[in-house]
Amino acid sequence: MSSLIRRNPKRSGTQTILLVILACLPGFVALSWYFGWGVFLNVFICVISSTIFEAIAISFKKKLPYYCLKDFSTLLTAVLIGLSLPPLCPWWLPIIGCIVAILIGKYAYGGFGASPFNPAMVGYAVVLLSFPLEMSVWVIPVSVLVEGINHPNIFESLSIVFGMSNSVDGITGATPLDAFKQSSGLLVDQIYQTKTVFSSATLAGVGWEVVNMAFLFGGIFLLQARIFSWHAPLAMMTTISILAMLFWDGGSSVSAGSPLMHLLSGGTMMGAFFIITDPSTSVKTNNAKLVYGALIGLFIF
């Protein structure tokens with residue numbers, strides 16, 4: 001965080017974190033619009049549980065629990081985890097992610113700024129590896145739901161999240177990347193014609209292209225605010241684009257999809273601007289950031 005303060009001496013670390021949280025807002029709104037109340041519930045549960053676990057960890061360092069409210073890094077960690085999880089996932093999934101993120105990803109290494117890994121992504125990685133089934137159930141974007149079926153309202157969503165209802169049939173389905181993975185043997189044009197996630201899309205899947213553009217907008221805002229430099233995000237996206245072009249081959253049955261599909265589906269833009277730019281866990285020099293971003297793009301692809 002000290003590197004951010006040097007970049008703009010008039011801005012405190014807390015102000016910087018609040019700007020990053022603000023920049024997440026367009027992505028949060030887009031996710032909520034297309035995937036329903038589950039996104040809000042994920043973030044809400046993560047914020048509450050992360051604050052509690054942060055207070056517990058701080059108490060062991062002989063500080064008053066309310067001290068955690070002075071540091072908005074916990075709030076940012078909670079928001080990033082909440083935005084990464086599937087909407088309407090069971091309530092215990094975000095709580096486990098937050099336990100791991102705060103107590104292991106953050107305080108096992110000494111607290112804020114000391115961890116070699118992004119705490120939010122430590123929590124995400126653990127739940128992804130530990131609960132692959134729950135992490136693979138994504139809600140269908142609202143614009144491609146079958147006529148007569150709607151996303152659950154806030155009360156119905158609460159019932160689903162807390163296990164009082166299992167009425168998720170008809171509102172869950174494959175993501176764009178899953179659609180390609182599960183469609184070996186089909187031409188790209190056939191995938192776009194037969195998979196509902198692509199039925200009303202032009203680039204990367206219904207809803208997902210808008211969500212990624214929203215995170216891109218937030219990332220550009222952070223670049224303009226000089227929160228971080230362009231080197232790592234651009235290197236990551238350029239590497240993904242080059243590899244996608246090499247494996248696209250015009251849309252045959254072995255095509256891996258177009259560069260735009262890879263840039264605007266999944267969590268590409270969120271990862272490029274809100275994860276790999278974390279100053280505490282990334283490299284420092286501009287040349288190193290280019291290599292760092294390129295390697296991340298390679299591993300992602």
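Leu88 counts as buried, at 11% relative accessibility, where buried means under 20% relative accessible area for a 1.4 Å probe and protein chains only, exposed means over 50%, and partly exposed lies in between. The place of Leu88 is in the loop between α4 (73–84) and α5 (92–106); helices are DSSP runs of H or I with at least four residues, numbered from the N terminus. Although Leu88 is not a glycine, its phi is positive, at about 65°. Arg226, also a residue other than glycine, has a positive phi near 60° and lies in the loop between α11 (208–224) and α12 (231–248).

The structure is a predicted model, in which local features need pLDDT of at least 70 and side-chain atom pairs count only at pLDDT 80 or more, while totals for chains, interfaces and linings use all residues. Residues are numbered from 1 along each chain as its sequence is written, and side-chain values use heavy atoms, with hydrogens and water left out.

A search of the whole structure finds one cavity of 30 Å³ or more. On a 1 Å grid over the protein atoms alone, a cavity is a set of points where a 1.4 Å probe fits but cannot get out, a pocket is an open set with protein on both sides within 12 Å along at least five of seven lines, and lining residues have an atom within 4 Å of a point. The largest cavity has a volume of about 370 Å³, volume being the space filled by probe spheres set on the points, which are joined across faces, edges and corners. Of its 28 lining residues, Leu76, Phe112, Asn118, Asp278 and Pro279 are the closest to the centre. Helix α4 supplies the largest share of this lining, four residues. Pro279 is buried, with a relative accessible area of 14%, and lies in the loop between α14 (268–275) and α15 (286–300). The C-alpha atoms of Pro279 and Asn118 are separated by 9.5 Å, although the two are 161 residues apart along the chain.

The largest pocket has a volume of about 1,500 Å³. It is lined by 45 residues, of which Tyr124, Leu177, Gly266, Gly267 and Ile300 are the closest to its centre. Helix α6 (residues 119–130) gives the largest share of the lining, six residues.

Phe273 touches Phe215, Leu216, Gly219, Leu222, Leu223, Phe228, Pro233 and Met237, not counting residues up to four places away in sequence; contact means heavy atoms within 4.5 Å.

Notes: Helices (H or I, at least four residues) and strands (E, at least two) are DSSP runs, numbered from the N terminus.
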